[in-house]
Structure formats: structure tokens, C-alpha cells
Amino acid sequence: MPPAPETTRRDSDWEGVRLHVVTGKGGTGKTTVAAAIALALAYDGRRTLVVEVEGRQGIAPLFDAAPLPYGERTLATPPGGGEVRALAVEPKSALMEYLDLFYHLGRAGRVLEKMGAVDFATTVAPGMRDVLMTGKLYEAVRRRDDGPVYDAVVLDAPPTGRITRFLNVNEEVVGLAKMGPIRNQAGSIMTLLRSPQTAVHVVTLLEEMPVQETCDGVHELREAELPVGGVVVNMVREPILARTDLTAAAKGRLDRQAVLDGLASARFGGHGNGKRLESLADGLLLEAREHAQRVRLERRERRALAELKRPLYELPVISGGIELGALYQLADRLREQGFA
Ligand SMILES: Nc1ncnc2c1ncn2[C@@H]1O[C@H](COP(=O)(O)OP(=O)(O)OP(=O)(O)O)[C@@H](O)[C@H]1O
Ligand SMILES: [Mg+2]
């Protein structure tokens with residue numbers, strides 16, 4: 001964990017970053033963490049936009065809202081006058097916007113749709129889909145109205161295995177389009193994505209596979225010259241035993257008699273039921289051993305993450321499911337650790 005921030009601290013680790021890309025192994029909490037980041041960054045009167053591109057409608061329910069239509073909608077207004085808006089980018093609408101932007105093809109777009117060309121572009125040609133998604137992101141980051149409309153845009157991004165390709169898709173467009181507006185747009189998007197205004201954060205759990213995927217993903221991003229942000233360790237559980245007990249438990253050397261005495265004095269097992277107490281104690285000792293082994297494994301995974309030399313943030317596992325109250329808890333933890 002990074003050192004605890006001083007209470008007077010006002011600056012955050014990502015001052016100047018306008019586009020936060022949140023990736024990670026599937027199921028580690030990308031959508032949840034993206035929402036919490038958007039909320040954390042919207043305190044102090046700021047306006048943020050959280051964007052999803054996978055067509056899953058995962059964001060709105062976290063804020064206790066109905067699925068999002070194509071359009072930006074306010075989902076939370078944190079204290080201080082700030083605002084979180086959300087957008088679920090839908091490839092067809094994004095393509096219509098794109099055609100209109102470059103060719104003023106508003107009506108022709110609808111003709112293309114009738115011909116099936118839109119389906120082709122948005123589903124059959126996967127690279128095209130990513131071009132549209134990154135184009136929409138770029139537009140949101142750059143949009144102005146007496147200053148930037150959004151202080152920060154947060155992307156609930158594709159998983160680690162696909163993120164570099166996704167962010168680099170415009171590089172291919174630059175290679176294909178020799179000149180003209182499409183090439184210029186692709187070039188501008190790449191410039192933003194490679195600039196210090198972008199940070200690609202990776203969400204992980206303290207388990208072997210997600211940590212391995214995090215390390216691989218960070219190396220791949222670095223090789224592609226994309227700016228790696230922080231590593232967010234999600235769903236962290238506090239050890240339930242003290243350090244010395246953990247060491248003993250891992251070796252199977254916890255004091256069995258003490259556990260038995262404890263159970264007896266708490267009146268477990270019922271009166272005169274020695275056998276039941278013994279099997280209860282053995283069950284507990286086994287659980288303690290497994291717990292200690294897990295804590296040891298987690299320590300190893302933490303060391304592997306520290307070697308990446310990126311800011312680390314830890315978020316606790318929240319019991320009872322993620323809803324708006326839980327998002328605020330996670331946002332507060334991010335702020336305490338200096339993320340926002
Ligand atoms: N800190 C947390 N505490 C408790 N539950 C969490 C936490 N973070 C995420 N979850 C839960 O874990 C599950 C996966 O989270 P989420 O959907 O955000 O992951 P994801 O990486 O976006 O998944 P996918 O790869 O499917 O898009 C959800 O049920 C979510 O509510
Ligand atoms: Mg998700």
C-alpha cells in the first residue's frame with residue numbers, strides 16, 4: 001500500500017490525467033473500480049464521465065439506475081457540487097456519428113444501415129468497432145464548452161488480454177489511410193492515448209492468475225509505449241489472525257488444547273460432548289492453516305506487484321454486494337490513498 005496521505009494533502013497522484021482507462025483480468029472488478037474512480041474524481045465539484053464499450057450495461061445498476069440509453073446521463077452527484085455521468089457506447093450509433101462527422105452522411109448512414117453495411121462495420125469488422133469506440137472516447141475527452149466539459153473520462157475497458165490491441169487500433173488506421181481527415185483523426189487519438197493525459201490502470205486480485213496477467217499486461221503496454229497508470233488490488237481481505245498465530249497456523253502448530261479450552265468456555269459442543277468439541281477444534285485448525293497459507297500466498301503476490309514499480313491501491317471486499325453506498329466507500333478509500 002502507498003504511504004497514508006497526510007490529511008492536508010490536496011494534490012492527487014493523477015493530476016493532469018484526463019483519460020483513465022481501467023483494464024484487468026475478467027471478473028476482477030474493472031466495472032466496479034471504473035465506477036468508483038469516476039466517483040472519486042467527481043468530488044470537489046468536478047464532472048466526470050464513465051464510459052462502457054462492451055455492450056453489457058454493467059455501470060447503471062451499480063448506481064441503482066435503469067440501463068442507459070445512448071446518451072450521457074447523470075448517475076451521481078457527490079458532495080461538493082460534482083457530477084458523475086455515464087455513457088454506454090453503442091457501435092451503431094457511434095458509426096452514424098462517425099459518418100456524419102467525416103462525410104456529413106446523416107441520411108446516407110441510414111441507407112447504409114438498410115443495406116447491412118452498418119452491421120458489417122460494427123460486428124463483422126472488429127477493428128472498426130474499436131476505431132469507433134476510441135473515436136467516441138477522444139471526442140468526450142476533447143469536448144469543450146467554455147473549458148473542457150469533463151474534468152476526467154473513465155473507461156471501463158476491455159480486459160488485459162485485449163487492451164493493447166484496442167488502444168493501438170488507430171495505429172493501424174494511420175498505416176492504412178495515407179492522408180485526409182480519417183488519418184488525421186487516428187493520429188490525434190494515438191497522440192492522446194500515448195500522452196501523459198492518459199493513464200491505463202490495471203485491476204487485480206491477490207491471486208496467482210490475475211497477478212500474472214497484470215504483470216504481462218503492464219509489460220505489453222510498456223512495449224507499445226502506452227502510459228501505465230496504477231495497479232488497483234481489489235477485494236482485499238484483512239488477515240483474521242495475528243502475525244505469530246499465522247506463522248504457527250501455516251505450520252500446523254497452533255495450540256490445539258487452547259482451541260479446545262476456548263470452545264469449551266464458549267459452551268460450544270454442548271455439555272459432556274467431548275467428541276464433538278474435538279472435531280470442531282480440528283475443523284477450525286484446518287481452516288486456520290488454509291487461511292495462513294492464503295495470507296502467505298498473498299504476500300508473495302504483493303511482492304510481484306511491487307516489482308512493477310507503479311502506484312498500488314488497495315480496495316477492501318465489501319460484503320452485501322455493490323450498490324451506490326458501496327461505491328462511495330470504495331471512492332473514499334481511493335481518495336485516502338491519494339488516487340484522487
Ligand atoms: N470490492 C468489492 N467487494 C465486493 N464485491 C466486489 C468488489 N469489486 C467487485 N465486486 C463484485 O465482483 C463481481 C465482478 O465485478 P465486476 O463486474 O466489476 O468485474 P469485471 O472485471 O468488470 O468483470 P467482467 O470481466 O465480467 O466485465 C461483481 O459481482 C461485483 O459486484
Ligand atoms: Mg465488467
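Predicted model: local features only at pLDDT ≥ 70, side-chain atom pairs only at ≥ 80, totals over all residues.
Residues are numbered from 1 along each chain as written, with chains lettered from A and ligands numbered from 1 in written order. Local features need pLDDT of at least 70 and side-chain atom pairs pLDDT 80 or more, while totals for chains, interfaces and linings use all residues, and side-chain values rest on heavy atoms, without hydrogens and water.

The helix α1 gives the most to this shell, with 3 residues. Of the 14 residues around ligand 1 (a heavy atom within 4 Å), G27, K30, T31, T32 and I318 come nearest. Among the polar contacts (N or O pairs within 3.5 Å), an oxygen atom of ligand 1 lies 2.8 Å from a side-chain N or O atom of T31, and a nitrogen atom of ligand 1 is 3.0 Å from a polar backbone atom of P316. Taken alone, ligand 1 exposes 630 Å², of which the protein buries 71% (Shrake-Rupley method, 1.4 Å probe).

The open sheet has 8 strands in the order β3-β4-β2-β5-β1-β6-β7-β8, with mixed pairing, where two strands pair if DSSP finds at least two bridges between them. Its edge strands, β3 (73–76) and β8 (312–316), each pair on one side only. Over 3 bridges, β3 pairs with β4 (83–88) in the antiparallel sense, and A76 stands opposite V84 in β4.

Definitions and conventions. Polar contact = N/O pair within 3.5 Å; in protein donor to acceptor, adjacent residues only side chain to side chain. Helix = DSSP H or I, 4+ residues; strand = E, 2+ residues; numbered from the N terminus.
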